[in-house]
Amino acid sequence: MLLTSVSRRRFTADGEPDPLAVGAYPAAMRQVAEQTHTPLLDIFAASQQLYRSMGEEASRQLFMHLPEKTHPNYPAGITDNTHFSDEGARQIAMLIAEAIRQCTELSGLKQRMVRWDSGSDECLIHQFIK
């Protein structure tokens with residue numbers, strides 16, 4: 001299977017996620033998938049939809065936006081719209097799990113997925129079984 005790039009958090013002047021946030025990589029991956037008849041998970045489109053649904057301000061929580069003096073690795077703070085926060089990483093992992101479940105070509109892989117709840121209603125993780 002192939003996956004497109006995850007979108008960076010970048011919005012256009014009209015408040016929409018920027019369709020060129022990572023350049024031509026998603027289109028190139030779609031083309032390779034089509035040419036090689038390989039299942040494709042379009043995580044770029046899924047991540048852009050996630051950012052759209054959250055909006056420009058709320059989507060900040062998915063990324064490394066840390067105020068000054070709140071993290072020892074970033075004493076001056078950081079505004080990073082490429083690398084995910086813990087919450088952002090969980091959200092993207094859920095997008096990938098959902099894309100696998102929806103891909104008819106990956107039925108064998110879907111059968112090996114189980115849903116795991118660590119006891120928290122907010123923490124649902126998908127893992128693969130042997």
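Modeller: Phe63, for instance, is buried, with a relative accessible area of 2%. Keep in mind that this is a predicted model, where local features need pLDDT of at least 70, side-chain atom pairs count only at pLDDT 80 or more, and totals for chains, interfaces and linings use all residues. Residues are numbered from 1 along each chain as its sequence is written, and side-chain values use heavy atoms, with hydrogens and water left out.

Colleague: What is the average pLDDT of the protein?

Modeller: The average is 89, and 87% of the residues score at least 70. pLDDT is the predictor's confidence in each residue, from 0 to 100. Over residues 121-125 it stays under 50.

Colleague: OK, new topic. How many helices and strands are there?

Modeller: The protein has four helices and six strands. Both are DSSP runs numbered from the N terminus: helices are H or I with at least four residues, strands are E with at least two. Reading from the N terminus, the order is β-α-β-α-β-β-α-α-β-β.

Colleague: And how much of the protein is buried?

Modeller: Buried residues make up 28% of the 130 residues.

Colleague: Which residues have the most contacts inside the largest nonpolar core?

Modeller: Those are Leu41, Leu50, Tyr51 and Ile92, in a core of 15 residues. Helix H2 (43-54) and helix H3 (86-102) are the elements that give two or more residues to this core, and H3 has the largest share, with five residues. By definition, a nonpolar core is a set of buried Ala, Val, Leu, Ile, Met, Phe, Trp, Tyr and Cys residues joined through side-chain atoms within 4.5 Å. In soluble globular proteins, nonpolar side chains tend to be buried together.

Colleague: Tell me about Tyr51. Is it buried or exposed?

Modeller: Tyr51 counts as buried, at 1% relative accessibility. Leaving aside neighbours within four places in sequence, Tyr51 is in contact (heavy atoms within 4.5 Å) with a list of residues including Val6, Phe11, Pro17, Leu62, Phe63, Phe84 and Ile92.

Colleague: How many aromatic pairs does a search of the whole structure find?

Modeller: Two. In one of them, the rings of Tyr51 and Phe63 have their centres 5.6 Å apart and their planes at 65°, so the pair is edge-to-face. Tyr51 lies in helix H2 and Phe63 in strand E3, so the pair ties together parts that are twelve residues apart in sequence. The rule is that rings of Phe, Tyr and Trp (its six-membered ring) pair if their centres lie within 6.5 Å; planes under 30 degrees apart count as stacked, over 60 as edge-to-face and the rest as tilted. Tyr51, Phe63 and Phe84 form one aromatic cluster.

Colleague: Last one. What is the phi of His37?

Modeller: His37 has a positive phi of about 55°, although it is not a glycine. His37 lies in the loop between helix H1 (25-36) and strand E2 (40-41) and is exposed, with a relative accessible area of 69%. Lys69 has a positive phi too, about 65°, and is not a glycine. Lys69 lies in the loop between strand E3 (63-66) and strand E4 (78-84), and is exposed.

Conventions. Buried < 20%, exposed > 50% of the residue type's maximum accessible area, 1.4 Å probe, protein only.
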